[in-house]
Amino acid sequence: MKFKKLFLLLTLTSLTLVSALSQTASAAPKAELWPRWQVNDANSKVQVDHSAWGKFLNQYLVEGESGEPNRLRYASVSAGDKAALARYLDALSAVPVTKLNPAEQKAYWINLYNVLTVKTILDHYPLASIRDIKSGWFSAGPWNLKLIKVEGVELCLNDIEHRILRPIWQDNRVHYAVNCASFGCPNLQPEPFTAANSEVLLEQAARDFINSFRAVRFDGKNLVLSSIYDWFQVDFGDSEQGVLAHVHKYAGPELTSRLNNFKGSISYSYNWNLNGK
């Protein structure tokens with residue numbers, strides 16, 4: 001009898017742990033403002049140098065065709081270029097970001113997120129998915145790992161995306177800018193974000209993703225959307241109608257025609273395979 005009770009307790013505990021892991025892995029963090037990063041200097045003319053990131057992307061990013069994702073040649077990155085990437089991160093860490101103007105800050109945080117993701121993949125390569133990297137017992141992925149100090153404050157990827165970018169700028173196109181190194185993610189852009197080009201890159205990134213099979217595809221009469229629109233529905237009108245309105249805004253003629261005739265159900269999917277080449 002004692003053995004049966006112990007077995008039942010262990011079974012229930014295991015099921016609880018599996019359930020907790022599953023929920024934690026799939027739940028999307030809320031946008032919760034970290035007020036210290038709202039500070040800025042609207043009159044600042046300082047421009048952060050992102051040329052090292054541009055050089056790296058030019059060397060190792062392979063642009064996809066016909067809606068295929070951009071891929072990164074992780075296996076080919078030389079020791080010298082890994083060192084250059086580390087130096088670029090050191091330079092970003094030294095930037096007094098709260099003394100920049102908001103447009104420069106936005107580009108800074110997007111680039112920082114993306115280069116930290118790439119650096120983290122390189123540090124753990126080879127691997128099949130970013131979710132193979134752990135940042136805790138119930139975390140499938142590196143998003144809670146403290147990866148860098150900015151103005152003396154330790155930051156993780158979740159801090160940058162969900163406590164800085166999303167709540168401060170409230171721009172749902174940020175989801176097309178930050179890259180999670182996966183096939184299902186919007187493209188890692190082939191050039192760094194800057195204060196001057198961010199608007200153009202964000203618009204193009206939204207258009208490219210939405211008109212790819214990774215974001216929107218049809219399964220018979222039904223519509224399959226990227227899980228991004230499920231996880232972060234609150235950023236897209238907080239309803240499926242809001243998501244569809246957003247998709248319509250960037251849809252090309254062919255997709256627009258199919259969406260206008262859509263009367264089926266909606267489901268969501270995401271491909272977590274590494275965006276390696």
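**Figure 1. Polar contacts of the Ser 44 side chain.** A polar atom of the Ser 44 side chain lies 3.2 Å from the backbone nitrogen of Val 46. The model shown here and in the other views is predicted. On the side of Lys 99, the backbone oxygen is 3.2 Å from a polar atom of the Ser 44 side chain. Ser 44 itself belongs to the loop that runs between helix H1 (2–26) and helix H2 (51–60).

**Figure 2. Surroundings of Ser 44.** With residues up to four places away in sequence left aside, Ser 44 touches Lys 99, Leu 100 and Asn 101.

Figure 3. The number of disulfides in the structure is zero. The cysteine sulfur closest to that of Cys 180 is in Cys 185, at 3.5 Å, which is too far for a bond. A disulfide is counted here only when two cysteine sulfur atoms are within 2.5 Å. Cys 185 likewise takes part in no disulfide, and its nearest cysteine sulfur is that of Cys 180. Cys 180 is buried because its relative accessibility is 8%. Cys 185 is buried too, with a relative accessible area of 4%.

Figure 4. One cavity of 30 Å³ or more turns up when the whole structure is searched. The largest cavity holds about 50 Å³ of space. Its lining consists of Tyr 176, Pro 186, Asn 187, Gln 189, Ala 205, Asp 208, Phe 209 and Arg 214. By residue class, the lining of the largest cavity has four nonpolar, two polar and two charged members.

**Figure 5. The second largest pocket.** The volume of the second largest pocket is about 210 Å³. This pocket is lined by 16 residues, of which Glu 63, Gly 64, Asn 70, Asn 187 and Asp 208 are the closest to its centre. Sorted by class, the lining of the second largest pocket comprises two nonpolar, eight polar and six charged residues. Asn 187 and Asp 208 also line the largest cavity.

Definitions and conventions. Residues numbered from 1 in each chain as written. Predicted model: local features only at pLDDT ≥ 70, side-chain atom pairs only at ≥ 80, totals over all residues. Heavy atoms only, no water. 1 Å grid on protein atoms, 1.4 Å probe; cavity = no way out; pocket = protein on both sides within 12 Å on 5 of 7 lines; lining within 4 Å. Points joined across faces, edges and corners; volume = space filled by probe spheres on them. Nonpolar A, V, L, I, M, F, W, Y, C, P; charged D, E, K, R; others polar. Buried < 20%, exposed > 50% of the residue type's maximum accessible area, 1.4 Å probe, protein only. Helix = DSSP H or I, 4+ residues; strand = E, 2+ residues; numbered from the N terminus. Polar contact = N/O pair within 3.5 Å; in protein donor to acceptor, adjacent residues only side chain to side chain. Contact = heavy atoms within 4.5 Å.
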